[in-house]
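Q: Could you take me through this structure feature by feature, giving the general idea before the particular case?

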Amino acid sequence: MTTTAPADDITGDMVEPATVKRGRPGRMLIGLGVGIAVLLVGLAVPYVVTDTYRMSLLLDATILSMLALGIGFMARHLGMISLGHGAFFGTAAYAVGVAITNWGWSPLNAVIFAILLGSALALVMGVLVVRASGFGFLMLTLALSQALYQLSVQISAREWTGAYDGKLITYEPDMTFLGLTQADLINPGLFWPFAWSALVVSGIVLWVVGRSKFGTTLEGIRENEERMRFSGYNTFLPRLIAFVLSGSVASLGGALFAMNAGYISPQILGFTQAGDSLIAALIGGFGIILGPVIGTFLFVYAQANFNFGGNLHLLTGLLLIVVLVFMPGGITGTLQKVYRRIRGKDRQVSDERGRSGRDIASDRADASELRAENEQ
Amino acid sequence: MSIFEGRGLTVKYGAVVALDNIDISLEPGLVHGVIGPNGAGKSTFIDALSGRKRPSSGKVLLDGSDITRRSARWRRTKGVSRSFQRTSVFGSMTVGEQLEMVARKNDEPDLEGIMKTLGLDEIRDRVCSEIAYGTQRSVDLAIALIGQPRVVLLDEPCAGLVADESVRMLDHVRTVCKERNVAALLVEHDVEGVFRTCDVITVLDLGKLLATGDPASVRADENVIRAYLGSAA
């Protein structure tokens with residue numbers, strides 16, 4: 001970056017500057033096509049993975065991916081690392097629990113209410129925190145989510161949240177959620193289509209937003225907030241909108257989590273939840289929209305398989321150090337680099353073959369190559 | 001009436017008076033140079049005029065109305081733009097993308113014309129952080145010129161440029177100012193460049209106004225010679 005970066009901008013170390021490409025509708029259509037194909041193929045997963053335990057891991061990863069997706073969106077487009085998205089996820093989960101258990105709402109209404117409440121919280125919190133950048137933003141989001149956690153475990157909140165006991169969701173008899181009974185909801189294979197569709201649709205929405213003109217504005221703010229202001233742009237509102245949008249995605253994840261689990265542990269609002277999701281997103285990489293999702297799937301898989309002797313956090317920590325030191329762009333970032341290197345070599349070979357003094361043409365080719373590379 | 005004025009601008013950093021009661025007025029189509037040795041308050045001056053730094057006292061007027069407390073964004077939408085001494089561009093974006101982005105906010109009928117004038121049309125697809133420093137300075141200038149601003153405040157556009165790049169940059173500034181009838185303020189270190197380029201010159205020293213007028217009279221001014229040019233020439 002040639003721009004004047006704020007001195008407290010720690011995010012620069014964690015986020016590789018990503019060039020987000022937009023514009024050409026052709027690419028957009030291809031992307032949408034791929035998204036729909038992924039959606040359809042994914043729906044077949046319960047027929048392939050028949051083992052309930054494996055299926056429940058995949059479902060957990062899918063739901064947690066929405067949290068990571070929200071965190072990743074802020075990191076990718078604004079370079080802002082949030083520890084507050086766990087609060088939206090958790091608030092939405094509790095909202096589902098309270099609406100169904102305390103108020104006797106139908107599950108569908110409860111889910112809609114939960115997403116709205118989570119988004120509203122993101123709006124209020126966003127007004128307070130999105131002006132901060134780098135470290136300030138990180139700490140403020142952490143503080144606010146910790147405050148919320150403390151509120152949720154107060155004795156006086158027991159009626160709503162169950163305090164330290166957690167919240168067991170109990171339904172009115174014969175309630176169904178989009179055709180699923182309470183017993184069906186807990187079945188990972190039957191709940192899968194909802195979680196998977198929600199994840200893919202959220203991913204597509206965030207991807208499209210990222211490539212829109214609004215996405216360019218966000219990139220401009222990420223790269224040089226001051227110059228954006230001096231170019232006539234409001235830099236507060238776009239950051240707030242991005243924060244609320246990513247918070248809504250996290251809320252959707254939280255609501256689905258509560259529907260599937262039927263029980264909410266207070267840990268959901270705790271630091272560990274938000275931290276784990278951020279770590280998963282970092283390991284996956286922020287450079288492309290899939291990064292946090294891949295990171296979350298790996299994280300959930302590793303958590304389930306390497307949790308021996310209570311050393312899970314030690315292993316997590318080691319892995320994080322390895323990734324940050326040797327793969328600064330995360331797993332997806334490193335794959336992209338490898339891919340570019342291979343393509344780079346191809347180009348050199350073909351350059352040598354075709355060297356015939358057409359400098360201008362090859363310059364142009366270089367420019368378009370550069371552009372193409374940045375589109376990855 | 002001048003289009004853009006600073007009246008009695010004073011900026012204090014604690015007990016230090018960085019800018020002491022300075023007046024300036026800009027006219028459309030004229031390049032107004034501001035020179036002065038290091039610490040003269042040139043950058044503070046442009047910050048105070050552009051809304052980056054609120055003056056301790058004094059006023060900034062646009063078309064005669066007080067805009068001292070208006071935000072940078074508001075000023076830009078009303079036609080007051082600025083460039084930066086430390087190159088301020090959008091590193092990860094291509095040259096074309098960032099200029100289009102700025103043009104989207106500030107109606108610009110002739111973006112191609114600006115890019116051609118500044119020699120940026122050839123490199124529109126290059127990522128900005130990968131182009132030469134001198135070219136980045138041109139991008140910085142282009143960003144300030146988009147949207148037909150009526151007033152352009154340029155903070156050392158030639159900082160870090162080699163001699164011939166510097167000459168070209170100042171030529172561009174003058175051409176654009178005349179072609180588009182812009183009121184330009186040019187804060188610059190390169191004294192000879194300023195004398196060559198500007199129609200009016202203001203000299204600052206230690207936050208005080210030393211002289212103002214056309215290049216010939218400023219060059220002949222005793223105070224200026226004593227405080228500034230004398231030691232250089």
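Q: How should I take the numbering and the kind of model?
A: Residues are numbered from 1 along each chain as its sequence is written, while chains are lettered from A and ligands numbered from 1 in the order in which they are written. This is a predicted model, in which local features need a pLDDT of at least 70 and side-chain atom pairs count only at pLDDT 80 or more, whereas totals for chains, interfaces and linings use all residues.

Q: What pLDDT does chain B average, and what ipTM does the complex have?
A: Where pLDDT is low, the predicted coordinates should not be read in detail. Here pLDDT, the predictor's confidence in each residue on a scale from 0 to 100, averages 91 over chain B, with 97% of the residues scoring at least 70. For the complex the predictor gives an ipTM of 0.91 and a pTM of 0.87.

Q: How is the overall form of chain B described by its radius of gyration?
A: The radius of gyration is taken over C-alpha atoms, and the globule rule for comparison is 2.2 Å times the number of residues to the power 0.38. Chain B has nine helices and ten strands, these being DSSP runs numbered from the N terminus (helices H or I, at least four residues; strands E, at least two). Its radius of gyration is 17 Å, close to the 17 Å that the rule gives for 233 residues, so chain B is as compact as a globular protein of that length. The C-alpha trace of chain B spans about 50 × 40 × 35 Å along its principal axes.

Q: What share of chain B counts as buried?
A: A residue is buried if 20 or more other C-beta atoms, placed from the backbone, lie within 10 Å of its own, exposed if 12 or fewer do, and partly exposed in between. By that criterion 48% of the 233 residues of chain B are buried.

Q: In which order do the six strands of the open sheet in chain B run?
A: Strands of a sheet pair through backbone hydrogen bonds, either parallel or antiparallel. Two strands are taken as paired if DSSP finds at least two bridges between them, and on this basis six strands of chain B form an open sheet in the order 6-7-8-3-9-10, with mixed pairing. Strand 6 (80–82) and strand 10 are the edge strands of this sheet, each pairing on one side only. Strand 3 (residues 31–35) of chain B runs parallel to strand 8 (residues 183–187), with four bridges, and G33(B) has L186(B) as its bridge partner in strand 8. Strand 3 of chain B also runs parallel to strand 9 (residues 200–205), again through four bridges, where V34(B) is partnered by T202(B).

Q: What joins strand 9 of chain B to strand 10, and what lies in the turn?
A: Five bridges join strand 9 of chain B to strand 10 (residues 208–213) in the antiparallel sense, and L204(B) has L209(B) as its partner. The two strands form a hairpin with two residues between them, and L206(B) in the turn has a positive phi of about 50°, although L206(B) is not a glycine. L206(B) is partly exposed, with 15 other C-beta atoms within 10 Å.

Q: Which strands stand at the edges of the four-strand sheet of chain B?
A: The four strands form an open sheet in the order 2-1-4-5, with antiparallel pairing. Strand 2 (16–26) and strand 5 (65–66) of chain B stand at the edges with a single partner strand each, so one side of each is left without a neighbour in the sheet. Strand 4 (residues 57–62) of chain B pairs with strand 5 over two bridges, and L62(B) is partnered by S65(B).

Q: How many residues does each chain bring to the contact?
A: Two residues are in contact if their C-beta atoms, placed from the backbone, lie within 7 Å. The contact takes 24 residues from chain A and 26 residues from chain B. On the side of chain A that touches chain B, helix 11 (213–223), helix 12 (225–230) and helix 18 (359–374) of chain A each supply at least two residues, and helix 11 of chain A gives the most, with five.
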